[in-house]
Amino acid sequence: MGDFEIPRPIRVDGEVVENRAEGGENLRLRLRVPGWPGFLPGQFVMLSPGARTSVERTDPLLPRPMAIFRTHPEAGFALVEILYRRVGRGTRLLAETLAGQALRVVGPLGRPFPAPVPGERALLVAGGTGIASVYQLAARIQGLGRTEVLLGARTAADLMGEADFAALGVALRVATEDGSRGVRGLVTELLESALAEPGGARVYTCGPKPMMERVARLAAAGGRPCVVSLENHMACGFGVCLGCAAPLAAGGYALVCRDGPAFEAGAIAWEALP
Amino acid sequence: MSEPLDTRVDLGGIRLRNPVLTASGTFGYGNELAAFLDLSRIGGFVAKSLTLEPRAGNPPPRIAETPSGMLNAISLENVGVEAFIRDKLPALPEGVTVIASVFETEIERYAEVCKRLAGVPRVAGIEVNASCPHVKSGGIEFGQQPQVLAALVRATRRATPLPLLVKLSPNVTDIAAMARVCEGEGASGISLINAVQALDVDVETRRPVLSNLLGGLSGPAIRPIALRMVWQASRAVRIPVCGVGGIASAEDAVKFLLCGATAVQVGTANYLNPAVAGEIADGIAAYAARHGFRRVADLRGALELPSRLDP
């Protein structure tokens, strides 16, 4: 999907600079990563589950895939910013990590979003933790054409990164299920009205499976191309554990880590995706 | 301290620059980890198991985390033996020792894959994965029945002149007996253990965590079981043993060498740290030097036993 120079991934210990609660179960992590090679929108890192300590911990065992929200490059390192939600054992330990502690970082990994087409209207639809996956895309394509960002969450407290998107200057609309922020309802309802406007547009989406599936259907019904960024459990992130298989409409599987996370929506067999 | 340490080992005719291999199914076809690990730092790698035809594998969910380990049920997903020979092998850097792994659902097909690999440049040996369900035995693993295992080793031994390792299933009551079967049928060496058959469930959904219901447990959780089996197997046969199971550090690897392994394979730990196999190779050398060994090969079986247990 498009031609770009993909940065060569590194494996390094990053130092936690900041790890703070942002409301609800959401947190923002800033990690000082030496030798960071840069990244492209849609790529991710694997993070050790919780701080590395003097004794190597084996439980929980596996690193966690995390979208790269954005980075702040400096001389010889970058501050890598991650927005995440405390949902399970790994992210609970991550939330307890203190400034000065180390996390193992492997990345950047995965194929980026396809290169944007200048002048094209872009509709970015994201919900839940999927919001973190599209921020860099919004930053990259903003100014190339009309860019509209539609964010969804259950409640205002669950909503990630709204102020960051607003600061980009993109057209931003928000929906929450309880109406505590923005429009009451689902973000897909915002997409329906956006798609009702005439003219070409490309839809990009990341979020819970039912949301992405609905976005893909709406885009297809409206004759607009749609790119989905899939989230999945994975043990490695670089194509060897084969744990993150996503079923394809054409049969067989793609690996979310190696062949994605960005896919053409029509390539995915949604009914077979867990 | 004047003589340099000799790190080389001979694994049933496969000459390795050091005793650290990576385990099949955890290292792809070799190049996937090249960004993180200089492959010349390790003894070699065992490639993802190959079948005659490309196979797609199981539906998701395929993996799940468990205490100090993980479950997987990937099944037979691989590119097939022809694509391995045509596309994967030529892409590898020079000087990397490659062991091809073979699994299939019938003995004749195992032998056919071995035949296709004969004479292929770059393939230093074959590892036969005996943990695959045997279709004709109703899905029981080849390595769980001595007579089926014997037939498998016999057929694959005849099919290739290459050094032949047999990777044993741990899901048996007498691993020493299985090791002797392999030796009796002419295997060059044995690798053990493969993943331990296991199950986990999600109580909220009341479903198994894997689509396949059962999976293979790997990671540090199985290491003491693997070490026990390597000890028992290596005392039962004269052919070399390659230790596999939860190895994540040089200290772990040395334990397997002391208990009788000639070499080791690093598996699940590659997922956490794709450079770990190189670190383990360096760490074994440092251990050997620190303990006054001139050859890493001399660590094999160097376990000090309490006198009442001495053979």
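The model is predicted, so local features are reported at pLDDT of at least 70 and side-chain atom pairs only at pLDDT 80 or more, while totals for chains, interfaces and linings use all residues. Residues are numbered from 1 along each chain as its sequence is written, and chains are lettered from A and ligands numbered from 1 in the order in which they are written.

Along the principal axes, the C-alpha atoms of chain A fill a box of roughly 60 × 40 × 35 Å. Buried residues make up 48% of the 274 in chain A. Here a residue is buried if 20 or more other C-beta atoms lie within 10 Å of its own, exposed if 12 or fewer, and partly exposed in between, with C-beta atoms placed from the backbone.

Chain A contains five helices and 16 strands. These are DSSP runs numbered from the N terminus: helices are H or I of at least four residues, strands E of at least two. Seven of the strands form an open antiparallel sheet in the order β4-β3-β7-β1-β2-β6-β5 (chain A), where two strands pair if DSSP finds at least two bridges between them. Strands β4 (64-67) and β5 (70-74) of chain A stand at the edges with a single partner strand each, so one side of each has no neighbour in the sheet. Neighbouring strands are turned by 35 degrees against each other on average, direction ignored; axes are lines fitted to C-alpha atoms, for helices over the stretch in contact, and angles run from 0 to 180 degrees between N-to-C directions.

Within the sheet, β1 (residues 10-21) and β2 (residues 26-34) of chain A are antiparallel and joined by six bridges. Ala21(A) has Leu27(A) in β2(A) as its bridge partner. Four residues lie between the strands of this hairpin, in which Gly23(A) takes a positive phi near 105 degrees. Strand β2(A) also pairs antiparallel with β6 (residues 77-85) of chain A, over nine bridges. There Leu31(A) stands opposite Val80(A), and Val33(A) is bridged to Ala78(A).
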